[in-house]
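Colleague: I would like to learn how to read a model like this one, feature by feature. Please give the general idea and then the case at hand.

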Amino acid sequence: MDDGIRYLLDLAIILFAAKLFGIAGKKVGIPEVVGEILAGLVVGSTVLGFVKESDFLSKMAEIGVIMLMFEAGLGTNLKELKKSGLKATLIACAGVLVPIILGVVIFMSFYGFDAFGSDRFNKGLFIGTIMSATSVSITVAALKELGKLNDTVGTTIVSAAIIDDVIGIIVLTLVIGLSGESDGISVTSILLKVVIFFTIAIGTGFFVFRGMKWLDQKFTHQRRIPIISLCYCFALAYVSETFFNIADITGAYVAGVVLCNLADRDYIESRIDISSYMIFAPVFFAGIGLKTTFGAMDMRLVLFSISFVAVALIGKVVGCGGCAKALGFDNKDSLRIGVGMMNRGEVALITAQKGLAIGLISSDFFTPVIILILVSSVITPILLKRLYADS
């Protein structure tokens, strides 16, 4: 077979398997996204080996998560966002600090304690940085499926996760700087870039919104509106990643927030959701399963992996949930926020890949990260469904 068109067969297998497992998941009472993740695990190299990772599938998956976050932004209730802004910031800070501390402790418990600034301490700090990353995409999909994305808890989770990404960029820069691999990048410059990005995004967003509002009134319910909206989403995602080193999904979410008050918002979201639901989102969710491989692991790494996953999950629940409780949320909502924030995904992968590239961690430690992403991606929607069962 011509390898040049192999991607067509890979895409057919992934989409069929994702839909099949998604339907099966719903039949047994678990969210559809969990079935799609398991589909990737089954058709990938871990089980059947029908599909291998490729640059094409990675790009498709990236488009999938960008579109998912754009939809989350479109569905944002600005009144709720303003109301939850300060609380979301504090929850995000707690959700970063607690896992970092626990990450240092768990790494040094397995590989030896050392002084602050030592190579071993820096590696532990980087493990904690990986653990601090939150990926809200699967949580967004689960909350959307439950119809709880735009309530106070849902808005707080999404807002806190976006803020978590910004804090994560700063923390990652600090850790890389401590290790001597910063290439001259200062924390001040990163902070400045973050401030400039949001200033530009908000400033230009006002004019973009006014222009889109005029177009929306002139061409109500016409396909050009969602097409132009999607162009804005991709452009802002590109700008945020390329010029400001801020995750493209953050740019996509901000683009959605800018347009969330358009009269045709629901129409835009419904048009975009067709492409996202049919092609890009299933490739993204199945791609998590595809990335999961289990090579040679010694007993210490196996035990570390188990501890790493458990501590990473508990750290978010304790940090974010505990902070939410202190801020006045009731017990159930605090637990929902903690569970909603414990999912890891592309942000943890990007952080781990950066550490691997500069030599902060070895390839052995990539396996625990993949396991964490897989486990958190599977159990987060399930736990959220149970926590919302009586509401």
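Modeller: Start with the radius of gyration, which is taken over C-alpha atoms; the globule rule is 2.2 Å times the number of residues to the power 0.38. For 391 residues a compact globule would have a radius near 21 Å, and the chain agrees because its value is 20 Å. This is a predicted model, in which local features need pLDDT of at least 70 and side-chain atom pairs count only at pLDDT 80 or more, while totals for chains, interfaces and linings use all residues. Residues are numbered from 1 along each chain as its sequence is written, and side-chain values use heavy atoms, with hydrogens and water left out.

Colleague: What box do the C-alpha atoms of the chain fill, and what does the secondary structure come to?

Modeller: Along the principal axes, the box is roughly 65 × 50 × 45 Å. Helices (H or I, at least four residues) and strands (E, at least two) are DSSP runs, numbered from the N terminus. Here there are 15 helices and zero strands.

Colleague: How many of the residues count as buried?

Modeller: Buried means under 20% relative accessible area, exposed over 50%, and partly exposed in between (1.4 Å probe, protein chains only). By that rule, 54% of the 391 residues are buried.

Colleague: What share of the contacts with a separation of 6 or more comes from residues 24 or more positions apart?

Modeller: A contact means heavy atoms within 4.5 Å. Residues 24 or more positions apart supply 80% of the contacts in that set.

Colleague: Where does T380 lie, and is T380 buried or exposed?

Modeller: T380 is part of helix α15, residues 366–387. T380 counts as buried because its relative accessibility is 0%. For its side chain you need the polar contact: a pair of N or O atoms within 3.5 Å; within protein, one must be able to donate a hydrogen and the other to accept it, and residues adjacent in sequence count only if both atoms are side-chain atoms. The T380 side chain reaches the backbone oxygen of S376 at 2.6 Å. Setting aside residues up to four places away in sequence, T380 touches T139, V339, G340, M342 and N343.

Colleague: Which residues does T129 touch, not counting those up to four places away in sequence?

Modeller: They are I100, V171, L172, V175 and T351. T129 sits in helix α5 (residues 119–132) and is buried, at 4% relative accessibility.

Colleague: How do I read sequence distance against distance in space?

Modeller: Take two pairs, with distances from C-alpha to C-alpha. A17 and V42 are 25 residues apart in sequence and 8.7 Å apart in space. A281 and G319 are 38 residues apart in sequence and 29 Å apart in space. A17 belongs to helix α1 (residues 6–27), and A281 to helix α11 (residues 265–290). A17 is buried at 7% relative accessible area, and A281 is buried at 8%. Leaving out neighbours within four places in sequence, A17 is in contact with A39 and V43. With residues up to four places away not counted, A281 touches E36, G64 and S276.
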